[in-house]
Amino acid sequence: MAPSPLRSFFTRSSHYQGQVDVSNRKSGLGKQSQSNGLLYEGQWRCGLRHGYGIMYRKLKDTELYVKIYVGDWENGKKHGLGIKYYNHGKYLGYWEQDQRSGKGFMWFDNGDFYMGEWLNDRFHGLGVFLEIGGNRYHGQFSGGLKHGEGLYLHSRTGQIQRGFWTDGVFKMGEIEDWNRNQVIEPTIYPIPEIKLANFPEVYQSWIEEYSKSFTV
């Protein structure tokens with residue numbers, strides 16, 4: 001059934017202006033201001049924010065409002081595609097039940113940038129994290145930390161780190177030089193050549209042991 005014409009009513013903590021259904025619940029298009037400084041304009045269903053809408057926050061000691069979320073809602077929660085404005089940056093991507101989940105982009109005010117997969121409001125899955133200084137990580141994340149296989153490019157010192165991380169800590173892999181003479185701050189510490197000491201003796205010993213395993 002189509003929503004009714006515009007209504008206006010107050011509660012102890014809010015003021016709603018908009019359409020309602022036959023049960024006098026907010027449904028259709030409407031605007032609600034709250035005593036905590038939040039203002040929502042958009043679609044409603046069964047008394048909850050549902051569909052497309054914009055949430056604003058009132059600036060302290062002013063009559064000005066700033067956007068804090070623009071996008072999809074479902075049953076009162078951010079769900080679907082949306083943009084969220086934080087004090088420390090901006091997120092553009094998908095949401096599930098008020099949390100960043102799915103693919104998304106995050107711009108941080110300090111200059112860092114992340115693009116990739118999210119789960120429960122944290123980096124999770126495959127992603128790329130670019131640091132303001134130019135270093136970047138490509139690989140797997142879990143719970144907001146580097147976790148799994150990845151590649152870290154030290155762009156200022158000219159080295160590439162490949163391997164596996166656990167809870168943000170590099171556990172196993174290799175480091176190699178990369179454009180060492182063309183970077184801003186090339187490291188003064190060369191990566192030593194890795195070789196087996198006493199190779200002839202070790203090799204002969206290994207051959208003898210290996211041969212024994214095939215002796216009938």
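## Basis of the description

Residues are numbered from 1 along each chain as its sequence is written, and side-chain values use heavy atoms, with hydrogens and water left out. Because the model is predicted, local features need pLDDT of at least 70 and side-chain atom pairs count only at pLDDT 80 or more, while totals for chains, interfaces and linings use all residues.

## The largest nonpolar core

The largest nonpolar core contains 19 residues, and Met55, Tyr114, Trp118, Phe123 and Phe141 have the most contacts inside it. Such a core is a set of buried Ala, Val, Leu, Ile, Met, Phe, Trp, Tyr and Cys residues joined through side-chain atoms within 4.5 Å. Several strands (DSSP runs of E, at least two residues, numbered from the N terminus) each supply at least two residues of this core, among them strand 10 (113–119) and strand 12 (136–142). Strand 6 gives the largest share, 3 residues.

Beyond four places in sequence, the contacts of Tyr114 include Phe105, Phe123 and Phe141; contact means heavy atoms within 4.5 Å.

## Ser101

Ser101 belongs to strand 9 (residues 99–108). Ser101 counts as buried because its relative accessibility is 4%; buried means under 20% relative accessible area, exposed over 50%, and partly exposed in between (1.4 Å probe, protein chains only). A polar atom of the Ser101 side chain lies 3.0 Å from the backbone nitrogen of Asn120.

## Two loop residues with positive phi

Most residues other than glycine have a negative phi. Asn24, in the loop between strand 2 (14–20) and strand 3 (26–34), has a positive phi near 65°. With 43% relative accessibility, Asn24 is partly exposed. Asp167, in the loop between strand 14 (159–166) and strand 15 (169–177), has a positive phi of about 50°.

Notes
Helix = DSSP H or I, 4+ residues; strand = E, 2+ residues; numbered from the N terminus. Polar contact = N/O pair within 3.5 Å; in protein donor to acceptor, adjacent residues only side chain to side chain.
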